[in-house]
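Please walk through the following model, one site at a time.

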Amino acid sequence: MTFKIEQIAVGKMANFTYLIIDNEEKEIAVIDPSWDLEKIFERINKNEYKVKYVINTHSHFDHIIGNDQIVSNIKCKVMQHNNSREKHDISLNDGDEFMIGKTIVHVIFTPGHSKDSICLIVDSKAIITGDTLFVGNCGRIDLPGSDPEEMYNSLFEKIMNLDNNLIVYPGHDYGYKPTSTIEEEKKNNYILVPRTRNEFIRFITQGE
Ligand SMILES: [Zn+2]
């Protein structure tokens, strides 16, 4: 594999920051920087990584609050979905692809938890899911910008159609383990039990 993903537990809300690291060129992207930035800077300095992008899976504060400090220390571009109203340099849309070194990253737009949620598929091997999908659960859909119907589309028309072997890297450490696979989530995640659109919306909003 030409890349690796480093999962870094940060802050007091069980957030994960990720580094997508291209082994060959030592180029990286920092995903969802928030707290404990010294953990990020330490890894960057020790390994002499070249930071190309900061990418936010969505614009909730606990996923972007570290952006400014990264950008003021290291020259790099901030990427967010087109719907984000927060400060960013590059707007992403569904289907976009870009490179980190020789590693290809594919964007899927997965609204539902927020209007600007995205997942990042790395080299067809791994998926960083933000607050769209957790190990054993999905993100909250009762927040401003949340939409149960959009969550249904994202989970059942996008996530459920993905390659079983993708390793799932969620936005928070809310599960019984920190990572999973799409196959395991299809089998074990009670949110992903096959339901019609109406059944899902009733289940997710009223718990029945
Ligand atoms: Zn969120």
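Which side chain does the side chain of Asp142 join in a polar contact? The partner is Arg140, at 2.9 Å; a polar contact is a pair of N or O atoms within 3.5 Å, where within protein one must be able to donate a hydrogen and the other to accept it, and residues adjacent in sequence count only if both atoms are side-chain atoms. The model is predicted, so local features need pLDDT of at least 70 and side-chain atom pairs count only at pLDDT 80 or more, while totals for chains, interfaces and linings use all residues. Residues are numbered from 1 along each chain as its sequence is written, and side-chain values use heavy atoms, with hydrogens and water left out.

Asp142 lies in the loop between strand 12 and helix 4; helices (H or I, at least four residues) and strands (E, at least two) are DSSP runs, numbered from the N terminus. Its relative accessibility is 54%, so Asp142 counts as exposed. The cut-offs are under 20% relative accessible area for buried and over 50% for exposed, with partly exposed in between (1.4 Å probe, protein chains only). Gly112 is 30 residues from Asp142 along the chain, and their C-alpha atoms are separated by 9.6 Å.

The next site is the zinc ion. The ion is coordinated by His58 (NE2), His60 (ND1), His113 (NE2) and Asp131 (OD), at 2.2 to 2.4 Å. Donors are N, O and S atoms within 2.8 Å of the metal (3.2 Å for Na, K and Ca), and sites may look incomplete because water is not among the atoms. Why is the arrangement irregular? The four donor atoms subtend angles of 87 to 176°, whereas four donors count as tetrahedral if all angles lie between 85 and 135 degrees; four count as square planar and six as octahedral if opposite donors are over 155 degrees apart and all others between 65 and 115, and anything else is irregular.

In sequence the donor residues are spaced H-x1-H-x52-H-x17-D. His60 belongs to the loop between strand 4 (50-55) and helix 2 (61-64), and Asp131 to the loop between strand 10 (126-130) and strand 11 (133-134), so this pair ties together parts 71 residues apart in sequence. His60 is partly exposed at 22%, while Asp131 is buried at 5%. His58 also lies in the loop between strand 4 and helix 2 and is buried, at 1% relative accessibility. The side chains of His58 and His60 make a polar contact of 3.2 Å. Beyond its neighbours within four places in sequence, His58 is in contact (heavy atoms within 4.5 Å) with residues including His113, Asp116 and Asp131.

At the start of helix 4, a side-chain oxygen of Asp147 reaches to within 2.8 Å of the backbone nitrogen of Glu149.

The structure holds nine aromatic pairs. Rings of Phe, Tyr and Trp (its six-membered ring) pair if their centres lie within 6.5 Å; planes under 30 degrees apart count as stacked, over 60 as edge-to-face and the rest as tilted. Tyr152 and Phe156 are stacked, 4.9 Å centre to centre with 20° between the planes. Tyr152 and Phe200 are tilted, because their planes stand at 55°, with centres 5.6 Å apart. That pair links helix 4 to helix 6, 48 residues apart.
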